Amino acid sequence: MGVLSIVLGVLMVIAGFSCIFTPIMTFLDAGYFIVILIGIYGIAGIFKSVGTKKFGVGFVFSILSAIFALTTLFFPKMMALTDGLMIYLTAAWFVLQGIVTIIASIQLKKAKENKIWIFELIIGILAVILGCYSFFHPMLVALSIGLLIAVYFIETGITMIVAGAAKSK
């Protein structure tokens, strides 16, 4: 098992360096993963709302997230369009999610006397700011995401190599 981990780690590092040299292509290919994550987020939000019997703005946003993900995954032309618009869709998603988080923090403030709502409010404001920034600097955001994916691959590959080497001893 240690040798397999080392081999897969080396492949991850190679993939990471490949992504460094093609960050925009990495971002475009990552569109599938982003759409899948948005779908998982939406489905989890639907289950949470049904479980807690709270059908507010978060529930509607979860349904829209799930519909967007399913539509994008099952219609190839939609995915091609989504690749071109992914930054703007991601920016809009951050803004909407930030607004939902801000609304939830205000509701949390009314419901409880602790200060946890402040952190949720800060996260919501930061999400709105990130979304607005993404609208005005789309290529920088695509480049950044591509490079972050590359760094993640390299870091994961090195971790796998070190873990494989430790198991081999």
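Modeller: Helices here are DSSP runs of at least four residues, numbered from the N terminus, and the model they are read from is a predicted one.

Biologist: Where is the place of lysine 53 in relation to the helices?

Modeller: Helix H2 covers 23-52 and helix H3 covers 57-74. Lysine 53 falls between these two elements, and its place is therefore, with helices taken as DSSP runs, the loop between helix H2 and helix H3.

Biologist: What is the phi of lysine 53, and is this residue buried or exposed?

Modeller: Most residues other than glycine have a negative phi. Lysine 53 is not a glycine, and yet its phi is positive, at about 60°. As for accessibility, the cut-off for exposed is over 50% relative accessible area, and lysine 53, at 67%, counts as exposed.

Biologist: Which elements make up the protein chain, and in what order do they run?

Modeller: The protein chain has 0 strands, and its helices number 6. Read from the N terminus on, the order of elements is accordingly α-α-α-α-α-α.

Biologist: What is the radius of gyration of the protein chain, and how does it stand against the globule rule?

Modeller: For 169 residues the globule rule gives 15 Å, and the protein chain lies well over that, so it is more spread out than a compact globule. The C-alpha trace spans about 55 × 40 × 30 Å along its principal axes. The radius of gyration itself is 19 Å.

Biologist: How much of the contacts in the protein chain with a separation of 6 or more comes from residues 24 or more positions apart?

Modeller: A contact requires heavy atoms within 4.5 Å. Among the contacts with a separation of 6 or more, the share that joins residues 24 or more positions apart is 75%.

Biologist: How are the rings of phenylalanine 55 and phenylalanine 59 arranged, and is phenylalanine 59 buried or exposed?

Modeller: The structure holds 7 aromatic pairs. In the pair of phenylalanine 55 and phenylalanine 59, the ring centres are 5.0 Å apart and the planes stand at 80°, so the arrangement is edge-to-face. Phenylalanine 59 has a relative accessible area of 18%, and this residue is therefore buried.

Biologist: What kind of pair do tyrosine 152 and phenylalanine 153 form?

Modeller: Phenylalanine 153 is partly exposed, with a relative accessible area of 25%. The centres of its ring and that of tyrosine 152 are 6.2 Å apart, and because the planes meet at 50°, the pair is tilted.

Biologist: Which residues form one aromatic cluster?

Modeller: Rings pair if their centres lie within 6.5 Å. One cluster is formed by Tyr41, Phe61, Trp93 and Phe94.

Terms used
Residues numbered from 1 in each chain as written. Predicted model: local features only at pLDDT ≥ 70, side-chain atom pairs only at ≥ 80, totals over all residues. Heavy atoms only, no water. Rg over C-alpha atoms; globule rule 2.2 N^0.38 Å. Phe/Tyr/Trp six-rings, centres within 6.5 Å; stacked < 30°, edge-to-face > 60°. Buried < 20%, exposed > 50% of the residue type's maximum accessible area, 1.4 Å probe, protein only.
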